[in-house]
Structures are given as C-alpha cells and as structure tokens.
Amino acid sequence: MKKRYRSKIRIILDILDGIEKLEYEEGIALPTKIMYLSNLSYERLNQYLRELLNRNLILRDGEGYRLTDEGRKFKFELYRIRRFLEAFGLEL
Amino acid sequence: MIKLIFEFGKHAYQQKPIVYTFTTLDFILILISSIISLLVAVYAYKGYILVREKILLYLNLAFTLIGAGLFIEALTIIFAIISRGLITLAIGDYTSMLAQIIGYLLLIYAYYTPTEEEPKTILPALIVLTGIVGYVLNLILIIVVTFIIAKLVVNFLVKRSIYSGFSLASFLLIDLSHIMLAISPYRASFILVSELIRLLGFILLVALLISISRGRT
C-alpha cells in the first residue's frame, strides 16, 4: 500500500500513545523519549505538547508529562475512529 | 396520513393480498437498510466532530446519501400505493439509485484524489428511456460498488482484521443484491431476495459499529 503522510490527528495519537507507553514502563514520559517514539523533531514535538497541554489532554509532571483522564478518553476515541476508518480501507 | 396509509393498506390487502404483502415487505426491508445506513453516517459524523478529519466527513456524506436515497425509495413505495402511480415509484427508484451512486462515488473520492469526470458519467443515463434508466443506474451502482470491493479486498488482505472483514462482507452482499436485480429486474421474488441480501449487508455494518465500540485499544 502507498505510504500516506501523517495527519495532525495521527501525530497526536502517536504522541499520546508514546506518553502512555513511557508512563507505564518508566513512570514518566520525558520529552526526548516521546520525540523518539512519535518520530518528531524537538520543535514540532514542543508545538504539539503545548497544544495538548492547552486542551488538558496531558499534564506536566516535573521534567516529564502524563496523560490526564481526558487524554486517555480522547486516545480511546481516536482508536475507535481509526478502527472505523480502517474497516473501510481508509486511514486517519 | 398514517391512518390513510393504514386504510389504503387494508383496502389493497382485500383487493390484492399478494401485491400488498410484497410491497409491505419491500417497504420494511428498504426502510431498515436506510436507517442502518444513516446510523453509520451518524457514527462518522461524531468522529468528524471530534477530530475534524475530512475523510470522516466524506464517509458521513456517503452514507447519508445512501441512507437518504433508500429512505426516499421506501417513502415512494407508500405514495405509489396511495396514488396508484407507477411513475411515482419509478421516480423514487431512480432518485434512490442516483443518491446511492453519488454516495458510493463519494466513498471512492475518499480513497483517491477526485477527477472531474466522475459525476458527469451519471448524467447521460437520465436521458435514456424510463425502463432502461433503472437498469443502467443499477449497472453503474454495481460497477461503483465493485470498485469499492476491490479496495476493501486489498484492505482486508493487508489488515486481516475483523473490522475490515465486516465491511468487505457487507459491501459484497450489497453488490450481490444489485447483481440479482440486474439479472432479473422484473421478478418480484428476486427483488425481495435482493433487498433481503442488501439488508443483511447493512446489518453487517451495524455489527461492525458494535464491534468497534466494544473493542479495546
């Protein structure tokens, strides 16, 4: 299948996924590790993190980040939408 | 209005019970298919509201058109019974098929960058004689849905998920129903069976929505 560019919402899902994974494995999600997992430059990651903080989907905890309850709910909804689109051969 | 339909239904049943049973079944099957299609449209719209991705809007519009088309078809069956007008039935049928074709084309639009020729291919068919129009529209529907199926087969082979399986099976049944209509357009039993098959296809879409809602990340 032809590789498509990542949409903004897909990048947000990757970031939220990365934060949750790091939170589970290491207790906290540090920006450098989120950057690696979401495959973004430091500048672009910071832009997205600021947006996620403003939307109350993540919160700052010392040097790192955590998902808020709203963030977890949003991530779950994004997965649902992704499954729905994938069922029709479409991508988020 | 409902009383009038009921009274006419009773009268029609006394006159021609077979015709009455056939049209009632026809009406119910189409109406359920339309409701399911609109349900999928609502699901896509909810997703669009949440993430504002255009692709979800295309899905919403596609299923709204398919559902609206089927709803019009169901309504015209009732109006045709009341007015005893076959022309009403034909107009409803063609409107429904056109709406469905545009709906399925929108689904293809979501897969690819649109070309300007696509919608124009539908228009010349309207000029053709009344009897042939329905047949031609049905053939266009088969071609359009078959194209979507080809995409869904590839998607299923790549993803191999239960969700892609549901949508593939659903569109296969919808296509099969249109093929049955094309093979024998004037036999009542074929029409009913084809509508039952199409309904099964839409029921699979409901199963898809339920499995997505219940699924874990």
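1. Start with the packing of helix α4 (residues 69-87) of chain A on helix α7 (residues 162-183) of chain B: the angle is about 40° and the axes are 8 Å apart. That angle makes α4(A) oblique to α7(B), where under 35 degrees would be roughly parallel, over 145 roughly antiparallel, 65 to 115 roughly perpendicular and the rest oblique. Axes here are lines fitted to C-alpha atoms, for helices over the stretch in contact, with angles from 0 to 180 degrees between N-to-C directions. Helices are DSSP runs (H or I, at least four residues), as are strands (E, at least two), numbered from the N terminus.

2. A caveat: this is a predicted model, with local features needing pLDDT of at least 70 and side-chain atom pairs pLDDT 80 or more, while totals for chains, interfaces and linings use all residues. Residues are numbered from 1 along each chain as its sequence is written, and chains are lettered from A and ligands numbered from 1 in the order in which they are written.

3. On the α4(A) side the contact uses Arg83(A), Glu86(A) and Ala87(A), and α7(B) brings Tyr163(B), Ser164(B), Phe166(B) and Ser167(B). Contact means C-beta atoms, placed from the backbone, within 7 Å. By type, these residues are three nonpolar, two polar and two charged (Ala, Val, Leu, Ile, Met, Phe, Trp, Tyr, Cys and Pro are nonpolar; Asp, Glu, Lys and Arg charged; the others, Gly among them, polar).

4. For the interface as a whole, 24 residues of chain B touch 19 of chain A. On the chain B side, α6(B) gives the largest share, five residues. That side splits into 13 nonpolar, eight polar and three charged residues.

5. Chain B itself has eight helices and zero strands.

6. Over in chain A, helix α1 (residues 8-26) reaches 26 Å from first C-alpha to last, close to the expected 27 Å (1.5 Å times one less than the number of residues). Its buried residues are Ile12(A), Leu13(A), Ile15(A), Leu16(A), Gly18(A), Ile19(A) and Leu22(A). Among the elements covering them are β1 (58-61), β2 (64-67) and α4 of chain A. Just past α1(A), Gly27(A) has a positive phi of about 90°.

Key: Contact = placed C-beta atoms within 7 Å. Buried ≥ 20, exposed ≤ 12 C-beta atoms within 10 Å, placed from the backbone.
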